[in-house]
Amino acid sequence: MFKIASAPFDHNRKQTSVLMGLVLLACLPGVLAQTWFFGWGTLIQILLATLTACLSEAAILKLRQRAVMPALWDGSAVVTAILIAVSIPPFTPWWMAVIGTAFAIVVAKQLYGGLGQNLFNPAMVAYVLLLISFPVHMTNWMPPLGVRAHEIGFFDAWMTIFTGHSLDGFSMLQLRQGIDGTTMATPLDTFKTGLGQGFVSTEILRSPLYQSGTGVGWSWVNLAYLLGGLFLLQQKVIQWRIPVAVIAGLLIASTIGWMATPDKAATPLLHLLSGATMLGAFFIATDPVSASTTPRGRLIYGVMIGALVYIIRRFGGYPDAFAFAILLANLCVPLIDSLTRPSVYGQRKGGAGK
């Protein structure tokens, strides 16, 4: 019996649920690294986002009079939830994870028709919604292990997420203090802030937040997601073109910028091993629904994302730019695919074959 199914389509003969399970397994090293360096908040956010995603998906499918369990078991909602959870600061208030995840499932996914129909990456739509609506909360990253002034246990994380204060009564601002008594941000945000205050790159990199030219903790998190991404390549869940093109586009753009203005630009290594670089390149940009589908188109799509990430990081108002870069590239996918689609056999370029 010939079975008709909706997109995304793949040639590795694995069911959607199997593919999503492999993606979840590949996320594990990055999630563990984030939890180690930034605390238990990461796991709590994953729990909140996953519960919200499943409930939202079930509710909207009921309203659409569609089967609930098959959609939940395909794992796509859980993957979206985890991508949102690891993208937001670990101690973000609980209601933000709920709002972002519900918006991703209901608006960015189901209102377009469900899995395979969405034009934009749902996780990045949710991230941009939260970043624009609550910019202060979305930049409240904790200092990583080794440079934070306060130890934060599981129940401290739980209380901070749900009440805004730890068990000892410390506020978010106090918990964000590093060992030198200053309130810390991400390496990219600290670098951009330092430039705005008139410092040069060598002065900024003397902060305890940096180590060997990269952010403390952040380099290990990115390497962990790189490991997970290589696993996805080995399992043929994703193809090499998009992640390689994203990294190449960011590397080339950041190298040119650094060579042109070394005192005002972050090093290529800092760009590659800070923020959401490896998570974005291997887990988000490779979304089979919203990404380009042709071989040449994937290369163009990836390079575009990498270049946009550097441009926004360097000249824009947001230190980490993957969500905006991916959504802008999503907009260009129909044009990219139409210009790079292979010719039909027997058809001449520019006209029908005879």
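In the predicted model, residues 24 or more positions apart account for 76% of the contacts in the chain that have a separation of 6 or more. Along the principal axes, the C-alpha atoms fill a box of roughly 75 × 50 × 35 Å. Of the 354 residues, 51% are buried, and the accessible surface of the chain comes to about 17,000 Å², with 68% of this area belonging to carbon and sulfur atoms.

A nonpolar patch on the surface is formed by Trp 40, Leu 43, Leu 47, Trp 94, Phe 154, Phe 155, Trp 158, Met 159, Phe 162 and Leu 167, which together have about 950 Å² of accessible area. Two elements, helix 2 (41–63) and helix 7 (154–163), each give two or more residues to this patch, and the largest share, five residues, comes from helix 7. Trp 94, also a member of the patch, is placed in helix 5 (residues 94–109).

A search of the whole structure for aromatic pairs finds ten. One of them joins Trp 94 and Phe 162 in a stacked arrangement, with 6.2 Å from centre to centre and 15° between the planes. Because Trp 94 lies in helix 5 and Phe 162 in helix 7, this pair ties together parts of the chain that are 68 residues apart in sequence. Both partners are partly exposed, Trp 94 with a relative accessible area of 35% and Phe 162 with one of 32%.

A further pair is made by Trp 95 and Phe 134, whose ring centres are 5.1 Å apart and whose planes stand at 75°, so that the pair is edge-to-face. Trp 95 lies in helix 5, whereas Phe 134 lies in the loop between helix 6 (122–133) and helix 7, and the pair therefore ties together parts that are 39 residues apart in sequence. Trp 95, at 29% relative accessibility, counts as partly exposed, and Phe 134 counts as partly exposed at 26%.

Definitions and conventions: Residues are numbered from 1 along each chain as its sequence is written. This is a predicted model: local features need pLDDT of at least 70, side-chain atom pairs count only at pLDDT 80 or more; totals for chains, interfaces and linings use all residues. Side-chain values use heavy atoms; hydrogens and water are left out. Patches are made of residues with over 30% relative accessible area and no salt bridge: like charges are joined within 9 Å, nonpolar side chains (Val, Leu, Ile, Met, Phe, Trp, Tyr) within 5 Å. Accessible areas come from the Shrake-Rupley method with a 1.4 Å probe; for residues, only the protein chains shown count as cover. A salt bridge is a side-chain nitrogen of Lys or Arg within 4 Å of a carboxyl oxygen of Asp or Glu. Helices (H or I, at least four residues) and strands (E, at least two) are DSSP runs, numbered from the N terminus. Buried means under 20% relative accessible area, exposed over 50%, partly exposed in between (1.4 Å probe, protein chains only). Contact means heavy atoms within 4.5 Å. Rings of Phe, Tyr and Trp (its six-membered ring) pair if their centres lie within 6.5 Å; planes under 30 degrees apart count as stacked, over 60 as edge-to-face and the rest as tilted.
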